[in-house]
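This report looks at the surroundings of several ligands, one after another. Please keep the structure in view while reading.

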Amino acid sequence: MTAPTESETLLEVTDLRTRFRTPAGTVRAVDGVSLTLDRGRTLGIVGESGSGKSVLSRSIMGLLPKRNVTCEGSIVYDGREISSLPPAERRKLWGADMAMVFQDPMTALNPVIRIGRQITEGLRFHLGLDRRTANENALALLRSVGIPEPERRMKQYPHELSGGMRQRIMIAVALACGPKLLFADEPTTALDVTVQAQILNLLARQQRERNMAMVLVTHDLGVVAGRADDIAVMYAGQIVEKAPTATLFANVRMPYTEALLASIPKLDEPRRTRLKAIPGRPPSLIDPPPGCRFAPRCPYAQERCHREAPPLRESEPGHVYRCWYPVGVEPRRDGAADRTDTPTPTGAR
Amino acid sequence: MAGTGTAHLRPEDETLLRVQDLVVEFPAGRRKVHAVSGVSIDVRRGETLGLVGESGCGKSTTGKAIIQLPRPTSGSVRFEGTELTGLSGKKLRDVRTRLQLIFQDPISSLNPRRKVGDILAEPLRIWRRGDRSEQLAKVREALDAVGLDPDVAMDKRPHQFSGGQCQRISIARALMLEPELIICDEPVSALDVSVQAQILNLLDDLKERYDLTLVFIAHDLAVVRHVSTRVAVMYLGKLCEVGDPDAIYESPAHPYTAALLASIPVPDPAVRPDDEDVLGGDLPSPLDPPSGCRFRTRCPRARERCAAEEPEMRAVGPDQFVACHFPLVGEGGDGAGAPAAADGDGHADQSARAAGSERADGDGSDGDGSDA
Ligand SMILES: Nc1ncnc2c1ncn2[C@@H]1O[C@H](COP(=O)(O)OP(=O)(O)OP(=O)(O)O)[C@@H](O)[C@H]1O
Ligand SMILES: Nc1ncnc2c1ncn2[C@@H]1O[C@H](COP(=O)(O)OP(=O)(O)OP(=O)(O)O)[C@@H](O)[C@H]1O
Ligand code: SF4
Ligand SMILES: [Mg+2]
Ligand SMILES: [Mg+2]
């Protein structure tokens with residue numbers, strides 16, 4: 001349980017901008033992202049490939065490449081501004097404060113080091129445990145992430161395990177020092193649906209038991225719908241809509257979110273109905289469109305959208321979106337979004 | 001050869017493609033990978049058969065074995081009444097013009113050094129279909145049909161296109177020789193959802209326009225349900241359940257189908273993911289698949305009989321067939337004798353599953369270990 005004196009807010013990111021200098025030009029991978037996360041809560045970050053989800057998580061963790069990168073903006077973690085800390089200081093936060101489960105467990109685990117040492121190393125370094133205690137903790141951890149015969153697994157190498165098992169190990173490594181904040185970057189994308197469900201449930205259980213906050217990154221709205229407290233939708237390096245999960249699904253404002261939801265084949269729809277595809281594809285991050293970044297693909301786009309970038313507006317407490325002509329706000333003409341937005345009755349469908 | 005049965009096959013004269021007791025094994029040291037172990041499927045003209053199952057269950061191997069790439073270890077593949085397993089040389093190549101496979105990875109299956117126009121014209125040149133200007137017209141038509149601007153696309157190379165566009169190019173290439181049947185191996189799995197819908201709609205249009213029959217391989221059940229007129233669910237080299245998608249999705253008969261359906265994340269916050277329905281354990285190794293029913297090591301309904309005896313495919317509805325001793329639907333018989341777990345006895349259910357997952361795990365790692 002959190003001490004009463006602690007503030008509820010664990011993470012507050014303001015106007016984060018991460019850019020990569022490449023031969024083709026400057027890639028604006030994260031372009032003005034702000035978000036807050038309370039202790040013990042889950043924020044789902046959804047977006048298509050290349051929208052900047054991983055770079056956002058890595059920027060907050062302080063895990064960016066050393067060269068040809070700039071990262072600006074404020075990151076306040078547990079009441080402390082960390083964006084200006086030198087890399088060595090940032091690294092001290094890894095493990096006991098923040099940890100990450102990576103998109104690809106095979107590249108994140110060291111292939112030539114036994115599983116056991118990969119877990120105990122962090123425990124000894126960060127928590128200063130001796131070898132025996134670290135070993136005992138590691139065994140308990142492996143058990144808690146559902147790994148049978150943990151003693152045997154400790155002596156194995158990553159390639160000797162199945163994909164689902166490796167992802168459990170990654171989770172065990174990330175949880176080893178009891179982080180307050182966990183970034184799970186598409187922890188299940190490489191896995192089959194049945195294993196994906198096991199892993200997501202495991203993460204949820206661990207999170208409840210530890211009152212740990214989690215940033216759950218995915219391209220699948222289905223994965224976060226039943227699991228995140230809030231959802232942020234990313235498009236071309238920006239958050240284009242963010243809201244408490246139930247609110248987002250009940251009162252979608254951003255046409256991109258609407259289009260994304262409509263393009264998913266659903267189990268409860270009649271078969272072989274035509275899918276509502278989004279034409280075209282996401283824009284270049286080197287030279288994004290001047291107005292709304294979704295305008296070239298948006299069914300509601302008007303002249304203003306191509307000219308002027310819409311700011312992030314609030315439609316109800318905690319619900320923000322980036323659109324001149326938001327969904328569900330009539331009439332759809334210039335300035336429509338300035339009107340007070342009366343939310344339609346929310347409802348657990 | 002103990003297959004999983006053929007009760008689900010329709011009369012042969014009604015089908016365009018008929019695969020019976022297909023077996024594909026790969027050598028692995030002194031052992032064998034049992035990739036496909038007695039699969040039977042058939043496809044009627046105009047149907048879209050959805051072949052679904054998790055990674056490694058043998059979907060691609062089945063697709064490739066149908067076009068004899070490589071030739072299956074045993075079993076029969078009949079296309080338009082011709083047995084393909086005995087064919088070779090020109091005769092086989094001739095059949096392959098009418099029976100096309102779009103490979104799982106579109107980008108690596110397109111020659112990076114050649115222009116898109118040449119890639120598409122190549123099959124026409126090889127088969128001497130039409131003169132140069134006719135070939136060019138055909139290439140342009142195919143590019144246009146898959147939604148690419150021929151003027152822009154013809155002279156570019158594959159790496160200049162996105163994943164979704166490469167998928168369109170592979171589809172265009174498969175169309176060049178006007179095939180009867182196309183096997184699409186995971187045509188949308190690598191694509192973003194917004195682009196995935198474009199390709200699914202495209203396949204639907206092309207099917208109409210060219211009177212195509214499709215075999216659609218995928219691991220996403222929602223996608224498969226969307227496109228298919230018939231569905232076949234695979235697990236570890238065997239078929240579990242075959243039939244009408246509405247029947248199967250409405251009330252799955254095989255415990256594996258049920259688990260797969262329960263694992264699909266639903267984009268609706270009112271649907272809370274449920275720990276109860278989640279399948280435990282990992283896929284056993286195909287080097288040493290479990291005896292009896294291959295699903296038994298992870299199955300919540302498994303009993304002794306499942307280890308001793310392999311379940312044969314049988315009907316549980318007008319167009320629903322299942323290979324399971326204790327299916328979730330079905331009139332009386334074995335279904336009535338289902339284990340206590342089915343009646344909501346949580347404890348029995350849990351312990352059966354726990355035991356199952358441990359066994360599954362043992363099998364899997366032993367296989368991996370000695371392989372390494
Ligand atoms: N080291 C780098 N140098 C240059 N560009 C990069 C680098 N890392 C990422 N990018 C670019 O930044 C953008 C955002 O990438 P990011 O990996 O965050 O996307 P993502 O949303 O995580 O996508 P995915 O779903 O595919 O993982 C992409 O255009 C990517 O090409
Ligand atoms: N050429 C090969 N040599 C040895 N084993 C193989 C070969 N091709 C496939 N396999 C094995 O056969 C099994 C079935 O593989 P297959 O590629 O057909 O599965 P799949 O269902 O298509 O999976 P995915 O969804 O990952 O594409 C797997 O265990 C695979 O490792
Ligand atoms: S009940 Fe038996 S036969 Fe049916 S799927 Fe489970 S293990 Fe296989
Ligand atoms: Mg990523
Ligand atoms: Mg495959």
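## The shell around ligand 1

Helix α1(A) gives the largest share of the shell around ligand 1, namely three residues. The model shown here is predicted. Helix α1 (53-61) is one of the elements of chain A that supply at least two residues each to this shell, and the others are β1 (9-22) and β2 (25-38).

In total, 16 residues lie around ligand 1, and those that come nearest are A:S49, A:G50, A:K53, A:S54 and A:Q103. Sorted by class, the shell holds six nonpolar, seven polar and three charged residues.

## Polar atoms at ligand 1

Oxygen atoms of ligand 1 have both backbone and side-chain atoms of the protein beside them. A backbone N or O atom of A:G50 is 2.8 Å from an oxygen atom of the ligand. For A:G52, a backbone N or O atom is 3.0 Å from an oxygen atom of ligand 1. With A:S54, a polar atom of the side chain lies 2.8 Å from a ligand oxygen. Ligand 1 taken alone exposes 630 Å², and the protein buries 66% of that area.

## The shell around ligand 2

Ligand 2 is surrounded by 14 residues, of which B:S55, B:G56, B:K59, B:S60 and B:T61 are the closest. Which element gives the most to this shell? Helix α1(B) does, with three residues. In chain B, β2 (31-44) and α1 each supply at least two residues of the shell. By class, there are five nonpolar, six polar and three charged residues around ligand 2.

A polar backbone atom of B:G56 is 2.8 Å from an oxygen atom of ligand 2, and one of B:G58 is 3.0 Å from an oxygen atom of this ligand. The side chain of B:K59 has an N or O atom 2.8 Å from an oxygen atom of ligand 2. On its own, ligand 2 has 630 Å² of accessible area, and the protein covers 64% of it.

## The magnesium ion

Which protein atoms are the donors of the magnesium ion (ligand 5)? They are OG of B:S60 and OE1 of B:Q104, at 1.9 to 2.2 Å from the ion. The two residues are 44 residues apart and belong to distant parts of the chain: B:S60 is in helix α1 (residues 59-66) of chain B, while B:Q104 is in the loop between β6 (99-102) and α3 (116-126) of chain B.

Leaving aside residues up to four places away in sequence, B:S60 touches B:Q104 and B:D185.

Is B:S60 buried or exposed? B:S60 counts as buried because its relative accessible area is 17%, and the cut-off for buried is under 20%. B:Q104 has 41% relative accessibility, so B:Q104 counts as partly exposed.

## The shell around ligand 3

Around ligand 3 there are 13 residues. The nearest of these are B:C293, B:C299, B:C306, B:C324 and B:H325. By class, the shell divides into nine nonpolar, two polar and two charged residues.

Definitions and conventions: Residues are numbered from 1 along each chain as its sequence is written. Chains are lettered from A and ligands numbered from 1 in the order in which they are written. This is a predicted model: local features need pLDDT of at least 70, side-chain atom pairs count only at pLDDT 80 or more; totals for chains, interfaces and linings use all residues. Side-chain values use heavy atoms; hydrogens and water are left out. Donors are N, O and S atoms within 2.8 Å of the metal (3.2 Å for Na, K and Ca); water is not among the atoms, so sites may look incomplete. Helices (H or I, at least four residues) and strands (E, at least two) are DSSP runs, numbered from the N terminus. Buried means under 20% relative accessible area, exposed over 50%, partly exposed in between (1.4 Å probe, protein chains only). A residue is near a molecule or strand if one of its heavy atoms lies within 4 Å of it. A polar contact is a pair of N or O atoms within 3.5 Å; within protein, one must be able to donate a hydrogen and the other to accept it, and residues adjacent in sequence count only if both atoms are side-chain atoms. Accessible areas come from the Shrake-Rupley method with a 1.4 Å probe; for residues, only the protein chains shown count as cover. Ala, Val, Leu, Ile, Met, Phe, Trp, Tyr, Cys and Pro count as nonpolar, Asp, Glu, Lys and Arg as charged, and the others, Gly among them, as polar. Contact means heavy atoms within 4.5 Å.
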